[in-house]
Amino acid sequence: MPSFLPTVAEQLFKDIQKTYQEKTKIPDDLLIALRFVFGSCALQALDLVDQRSVTCVSSPSGRRAYQVIGGSGLLYTCYTSCHYCSCPAFAYTVLRRNESLLCKHILAAYLSQAMGLSQQEALSDQQMSSILSGRTARTDT
């Protein structure tokens, strides 16, 4: 996990990963901790993970990003490497108002990564460059 997240959040993701690998579910105490640390977006992020709305896209050059289909059906690109999401909620709540650590899309990306539940899609370097530059989304959406 990236080092820019608070230590408590990093430990929470590690605990979720370990527990989910062993029991294929997240126990109530970790769900409560998730809600305490991340607030109301925790439940929304878990819903996105349950709906398999998170896809990890990667290219031969080693670039990786997450694409999350939000509740509205729109596709958002998330970068866990630099803690960024293209959604308006991230720009407003996280960057502008500093009210939250992250949006539900980035949290869904972290959770799906910890739980091993993100879909995987290999792209060409050219396709990945288009996504990273914001010119296009995946071709299958």
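Mentor: Two residues are in contact when heavy atoms lie within 4.5 Å. Keep that in mind, and remember that this model is predicted.

Trainee: Which residues is S53 in contact with, leaving aside its neighbours within four places in sequence?

Mentor: First place the residue. S53 sits in the loop between α3 and β1. Skip the neighbours within four places in sequence, and the contacts of S53 are L48, Q67, V68 and I69.

Trainee: Does S53 count as buried or exposed?

Mentor: Buried means under 20% relative accessible area. S53 has a relative accessibility of 7%. That value makes S53 count as buried.

Trainee: Now the whole chain. In what order do the elements run from the N terminus on?

Mentor: The protein has six helices and five strands. Read them from the N terminus on, and the order is α-α-α-β-β-β-β-α-α-β-α.

Trainee: What radius of gyration does the protein have, and what does the globule rule give for 141 residues?

Mentor: Set the two values side by side. They are close, so the protein is as compact as a globular protein of that length.

Trainee: Which element gives the largest share of the largest nonpolar core?

Mentor: That core has 35 residues, and those with the most contacts inside it are F38, L107 and L111. Elements that give two or more residues to this core include α1 (7–23), α2 (28–38) and α5 (104–115). The largest share is seven residues, and it comes from α5.

Trainee: Which residues does L111 touch, not counting residues up to four places away in sequence?

Mentor: L111 is one of the residues with the most contacts inside the largest core. Leave out residues up to four places away in sequence, and the list is F13, I16, L34, A45, L46 and V49.

Trainee: How many residues are in the other core, which lies apart from the largest one?

Mentor: Look for V57, A65, M128 and I131, which are among its members. The number of residues in this other core is six.

Trainee: Why do the rings of F13 and F38 count as stacked?

Mentor: There are four aromatic pairs in the count. Planes under 30 degrees apart count as stacked. The ring centres of F13 and F38 are 5.6 Å apart, and their planes meet at 25°, so this pair is stacked.

Trainee: Which helices hold F13 and F38?

Mentor: Both F13 and F38 are buried. The pair links distant parts of the chain, 25 residues apart. F13 is in helix α1, and F38 is in helix α2.

Trainee: Is Y84 buried, partly exposed or exposed?

Mentor: Compare it with Y79, which has 14% relative accessibility and so counts as buried. Y84 has a relative accessible area of 36%, so it is partly exposed.

Trainee: What distance, N to O, goes with the salt bridge of K18 and E22?

Mentor: The structure holds two salt bridges. K18 and E22 both lie in helix α1, four residues apart, about one turn of the helix. K18 is exposed at 53%, and E22 is exposed at 54%. The N to O distance in their salt bridge is 3.6 Å.

Trainee: Which residue forms a salt bridge with R97?

Mentor: R97 is partly exposed at 44%. The closest N and O atoms of the bridge are 3.1 Å apart. The partner of R97 is E99.

Trainee: In which loop does N98 lie?

Mentor: N98 has a positive phi of about 55°, although it is not a glycine. N98 counts as exposed, at 64% relative accessibility. Its loop is the one between α4 and α5.

Trainee: Phi of H83 is near what value?

Mentor: H83 is in the loop between β3 and β4 (84–85). At 15% relative accessibility, H83 counts as buried. Its phi is positive in a residue other than glycine, and near 60°.

Notes
Residues are numbered from 1 along each chain as its sequence is written. This is a predicted model: local features need pLDDT of at least 70, side-chain atom pairs count only at pLDDT 80 or more; totals for chains, interfaces and linings use all residues. Side-chain values use heavy atoms; hydrogens and water are left out. A nonpolar core is a set of buried Ala, Val, Leu, Ile, Met, Phe, Trp, Tyr and Cys residues joined through side-chain atoms within 4.5 Å. Buried means under 20% relative accessible area, exposed over 50%, partly exposed in between (1.4 Å probe, protein chains only). Rings of Phe, Tyr and Trp (its six-membered ring) pair if their centres lie within 6.5 Å; planes under 30 degrees apart count as stacked, over 60 as edge-to-face and the rest as tilted. The radius of gyration is taken over C-alpha atoms; the globule rule is 2.2 Å times the number of residues to the power 0.38. A salt bridge is a side-chain nitrogen of Lys or Arg within 4 Å of a carboxyl oxygen of Asp or Glu.
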